[in-house]
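Hi,

Here is the structure I promised to send over.

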Amino acid sequence: MYEVMRYWDDDHPEWNAENALRGGVAGTSRNGSSALLKSVGPNARLVEDDLESAIRELKAERAGEIEVAGPNLRKASRTGLIDEYRIYLHPVVLGHGSHIFAGPRPPLRLMTSDRIGEEVIRLTYVPA
């Protein structure tokens, strides 16, 4: 996921000031947690060992949202430090990958469901 998000570190000629996604991502600091990465780019920090401690540090240092995505979401879920899950339903079928809730699923309560455009639904859950 870090490598996917790194795309937003560069400027691209087709972007303009109204590019909402880039506006929400560019310039934000990132923390990459990976068994494979040995280094990260500008405005990023590599979390090599203790994901739970890194999340606790971020929550203590910053006000506002901290987004967790990618394969390490399962590890982050086990820490009990996630306040809200936002699950985006897209009309795409994938064959395999990391399961976020492998094993016992934490008890969750659905808070909202929002339609985003013509093809996506966002489900927002909180730990019950």
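Predicted model: local features only at pLDDT ≥ 70, side-chain atom pairs only at ≥ 80, totals over all residues.

**The sheet**

Three strands make up an open sheet in the order 3-5-4, with antiparallel pairing. Strands here are DSSP runs (E, at least two residues), helices are runs of H or I with at least four residues, and both are numbered from the N terminus. Two strands count as paired if DSSP finds at least two bridges between them. Strand 3 and strand 4 (108-116) sit at the edges with a single partner strand each, so one side of each has no neighbour in the sheet. From one strand to the next, the twist averages 20° (axes are lines fitted to C-alpha atoms, for helices over the stretch in contact, and angles run from 0 to 180 degrees between N-to-C directions).

Strand 4 and strand 5 (residues 120-127) run antiparallel and are joined by 8 bridges.

Residues are numbered from 1 along each chain as its sequence is written, and side-chain values use heavy atoms, with hydrogens and water left out.

**The salt bridges**

Searching the whole structure turns up 6 salt bridges, meaning a side-chain nitrogen of Lys or Arg within 4 Å of a carboxyl oxygen of Asp or Glu.

One of them pairs D83 with K59, with the closest N and O atoms 3.1 Å apart. D83 is in the loop between helix 4 (73-78) and strand 3 (85-89), and K59 is in helix 3 (residues 51-61), so this pair ties together parts that are 24 residues apart in sequence. D83 is exposed at 54% relative accessibility, whereas K59 is partly exposed at 33%. (Buried is under 20% relative accessible area, exposed is over 50%, and partly exposed is in between, with a 1.4 Å probe and protein chains only.)

Another salt bridge links E84 and R86, where the closest N and O atoms are 2.7 Å apart. E84 is partly exposed at 35%, and R86 is partly exposed at 35%.

D114 and R122 also meet through their side chains, at 3.2 Å from N to O. D114 has a relative accessible area of 27% and R122 has 24%. Elsewhere, salt bridges with shared partners join E65, E84 and R86 into one network.

Cheers
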